[in-house]
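The following note comments on selected helix packing and side-chain pairings.

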Amino acid sequence: MSNNWRISSFNGALLAAYFIPVWTIIAFSIMVSPIHGLYERPSVSIALYASDYLHLSKIATVRLAWLLALARITVVAFFAVFLAMTAFSPLRKKSSGSDEALAVALCLGSVLSFASMMMASRVGEIEALRMHAAELLMLLGTAIVMLFETSPKRALEAPVAEAGAPTGELSLQQP
């Protein structure tokens with residue numbers, strides 16, 4: 001069993017297990033029927049905000065729905081890339097590309113959840129507000145863990161570098 005799994009990778013895999021199916025279903029319901037899908041619970045705050053404050057036409061509302069579906073599918077795609085790169089051990093050991101895919105998914109998902117949460121609070125949709133706040137907290141929690149977690153490679157290289165230099169002398173002073 002490999003021992004190079006980090007907490008952020010495990011947490012990201014759990015997040016991907018939630019966001020990939022849920023946001024894919026939401027995005028496909030919007031793609032199939034843009035107006036009906038936009039007025040379902042996960043996106044109702046955006047729909048009400050657009051109709052109450054932006055006064056969008058029908059075609060503009062459809063375009064907004066498709067843009068929302070595209071944003072959700074983009075986040076799902078980055079989570080899927082993260083899972084694929086994390087699942088294969090050689091890719092996980094050689095590069096930190098999975099961390100970059102997770103960071104992009106977290107950033108885009110956080111922006112979308114935060115905007116949806118703010119719109120839900122503005123239009124008074126309490127249940128949608130709770131849902132978006134919970135999603136935002138999950139995404140931000142993983143982002144904070146990623147930010148403060150040290151890389152296992154750097155932790156192993158630091159003692160080796162200190163052991164090579166004699167005590168009291170700097171390595172730059174040696175010929």
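1. A residue is called buried under 20% relative accessible area, exposed over 50%, and partly exposed in between. The model discussed here is predicted. With 44% relative accessibility, Glu127 therefore counts as partly exposed.

2. Glu127 forms a salt bridge with Arg130, at an N to O distance of 3.0 Å. Because the two residues are three apart in helix H7, about one helical turn separates Glu127 from Arg130. Arg130 has a relative accessible area of 54% and so is exposed.

3. The number of salt bridges comes to two. In the other pair, Arg41 is joined to Glu125, with 2.8 Å between the closest N and O atoms. Arg41 counts as partly exposed because its relative accessibility is 44%.

4. Helix H7 (residues 126-148) also packs with helix H1 (residues 7-32): the angle is about 155° and the axes are 9 Å apart. H1 is therefore roughly antiparallel to H7, angles over 145 degrees being counted in that class. The crossing of H1 with H7 is left-handed.

5. On the H1 side, the contact is made by Ile7, Ser8, Asn11, Gly12, Leu15, Tyr18, Phe19 and Trp23. H7 contributes Glu135, Met138, Leu139, Thr142, Val145 and Met146. Classified by residue type, the contact of H1 with H7 comprises nine nonpolar, four polar and one charged residues.

How values were computed. Residues are numbered from 1 along each chain as its sequence is written. This is a predicted model: local features need pLDDT of at least 70, side-chain atom pairs count only at pLDDT 80 or more; totals for chains, interfaces and linings use all residues. Side-chain values use heavy atoms; hydrogens and water are left out. Axes are lines fitted to C-alpha atoms, for helices over the stretch in contact, and angles run from 0 to 180 degrees between N-to-C directions. Helices (H or I, at least four residues) and strands (E, at least two) are DSSP runs, numbered from the N terminus. Angles under 35 degrees count as roughly parallel, over 145 as roughly antiparallel, 65 to 115 as roughly perpendicular and the rest as oblique. A crossing is left-handed if the near helix is turned anticlockwise from the far one by less than a right angle, and right-handed if clockwise. Contact means heavy atoms within 4.5 Å. Ala, Val, Leu, Ile, Met, Phe, Trp, Tyr, Cys and Pro count as nonpolar, Asp, Glu, Lys and Arg as charged, and the others, Gly among them, as polar. A salt bridge is a side-chain nitrogen of Lys or Arg within 4 Å of a carboxyl oxygen of Asp or Glu. Buried means under 20% relative accessible area, exposed over 50%, partly exposed in between (1.4 Å probe, protein chains only).
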